[in-house]
Amino acid sequence: MGMLLLRMYDTQTTTFIKLAWNLFLAWLPLMAAMAMVETRRAWVLAGLMVFWLLFFPNSPYLITDLIHLGPSPDYPHWYDAILLYSFAFTGLMTGILSTLIVYSKLRAFFDTNVSRIIIMLCMYAAGFGVYVGRFLRWNSWDVAVKPMHLVNTMIDHVLHPSEYQLAYGVTLLSGSLFFAIFLFFDAIMQLPQVPVPPTLPAEAVEESVPAKPQPRSRDINQDIAQHSMV
Amino acid sequence: MHTPIYRNALIHLGILTAFCVLMQAVRMYGSSSLGFIFLPYNLFLAWLPVLFSLYLRRSSKPVTMAMLFILWLLFFPNAPYIITDLLHLKQRTSFPHWYDTMLVYTFAFTGLLVGMLSALIVYDKLKGHFSKTKARLVIMLSMLASGYGIFLGRFLRWNSWDAFFNPLHILGDTVHRIANPIQYPRTYGVTLVVGGLLCITFLFFESFTIVDGTNAESRGQE
């Protein structure tokens, strides 16, 4: 945000102001996920889950704003590139964090594999959501405002795959990307639970943080799950 | 190399890297051209600091550690450097614009993650020898230095290994810029903006490992 303000002040224009709006939208799924941590009732959870799924595509959507990147006469190109990248990166992070929270919540109800498959399907749905947002210019709330139109469009896409190669390309590509990134973050969440390796010399082990070598099998996901079960 | 702690993270970064290379292959096949061929090479360079940080983690002699730390610091800027490849994005007739955007973003994102993992490994090692505050300070300074490194790489077209081949030339450039700050707003702009971004990103990734219960206890004991 600071970077955007600096650019607006310097150029006296409101170029890229929609980035701020898009980033606000990217925070909504995270808020939905945070609300999910607190709730226990099944139908509230289901409602929040649908809300999360509808608004999740807004987070990675910021990546597609990079399409607007091009040398502009009124400001250094490198600054615009880093500006857009920062927004896209932050958006993706809020999205992935919200996904991790939803994933931990799912694991309280299903086993790990089922939860993972649900998340994978959600990521491909999000890939389609990004396509719908970028190329058909729909918003998350259009699902509630004009659902029939959207359903017709989707049926059209499913029935005539060869006419809509763009839709399938964007969906598969970004869906796979989101899922791969999600798996990476799922992996690094478990980093600290592994003990200090035996390859370290004895004095280094003594100097290192005392509680580190405890081989605990807890991670943040289970932490949240336990917290919300209480 | 046997590295149990980071194995999971490394495997998944490997998958992401394979995904990048696949996207690049599709583009080369689809457009029958070598466009963006520099991306895989840059991603290869981005992996080098991980290699050095893994060696650093296993070494115990002070001299070796210092050498590996310097090597890591010299090659670390290659990881976030891919972000600046976004400058090459523009509307082309040979391939869909959205695909190119996704391609470069995926490479840039993977490069940054690879870099952050290596920074976390180095940070972990530093914490074994210094206090947490000092270790964090060292990493923050390294991130700012990388901001400058990216400037050197992008605009003056230096490579990491030029620190060995052309040290005096780079030193001259640097001294000149420190002596005349007004003449080089871009140098300071890139260094501060990129360095700041890297600092924030590192703190975010570090917070992922602190949330864990074991580390929270150890913080209480310090």
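**Figure 1. The order of elements in chain A.** From the N terminus on, chain A runs α-α-α-α-α-α-α-α-α-α-α. That makes 11 helices and zero strands; helices (H or I, at least four residues) and strands (E, at least two) are DSSP runs, numbered from the N terminus. This is a predicted model, in which local features need pLDDT of at least 70 and side-chain atom pairs count only at pLDDT 80 or more, while totals for chains, interfaces and linings use all residues. Residues are numbered from 1 along each chain as its sequence is written, chains are lettered from A and ligands numbered from 1 in the order in which they are written, and side-chain values use heavy atoms, leaving out hydrogens and water.

**Figure 2. Helix α2 of chain A beside helix α3 of chain A.** The axes of α2(A) (residues 17–38) and α3(A) come within 8 Å and cross at roughly 160 degrees. Axes are lines fitted to C-alpha atoms, for helices over the stretch in contact, and angles run from 0 to 180 degrees between N-to-C directions. The two helices are therefore roughly antiparallel (an angle over 145 degrees). Have a look at the residues that meet: A:Leu28, A:Pro29, A:Ala32, A:Ala35 and A:Met36 in α2(A), with A:Leu45, A:Leu48, A:Met49, A:Phe51, A:Trp52 and A:Phe55 in α3(A). Contact means heavy atoms within 4.5 Å. By class, this contact has 11 nonpolar, no polar and no charged residues; Ala, Val, Leu, Ile, Met, Phe, Trp, Tyr, Cys and Pro count as nonpolar, Asp, Glu, Lys and Arg as charged, and the others, Gly among them, as polar.

**Figure 3. Helix α3 of chain A beside helix α5 of chain A.** Here the axes of α3(A) (residues 42–55) and α5(A) (residues 77–107) come within 12 Å and cross at roughly 150 degrees. This pair is therefore roughly antiparallel too. On the α3(A) side, A:Leu45, A:Met49 and A:Trp52 make the contact, and on the α5(A) side A:Ser98, A:Thr99, A:Val102 and A:Lys105 do. These residues divide into four nonpolar, two polar and one charged.

Figure 4. Now move to chain B, where B:Met143 sits in helix α6 (residues 132–154). Is B:Met143 buried or exposed? B:Met143 counts as buried because its relative accessibility is 0%; buried means under 20% relative accessible area and exposed over 50% (1.4 Å probe, protein chains only). Not counting residues up to four places away in sequence, B:Met143 touches B:Trp72, B:Phe76, B:Met116, B:Ala119, B:Gly195, B:Leu198 and B:Cys199.

Technical notes: Angles under 35 degrees count as roughly parallel, over 145 as roughly antiparallel, 65 to 115 as roughly perpendicular and the rest as oblique.
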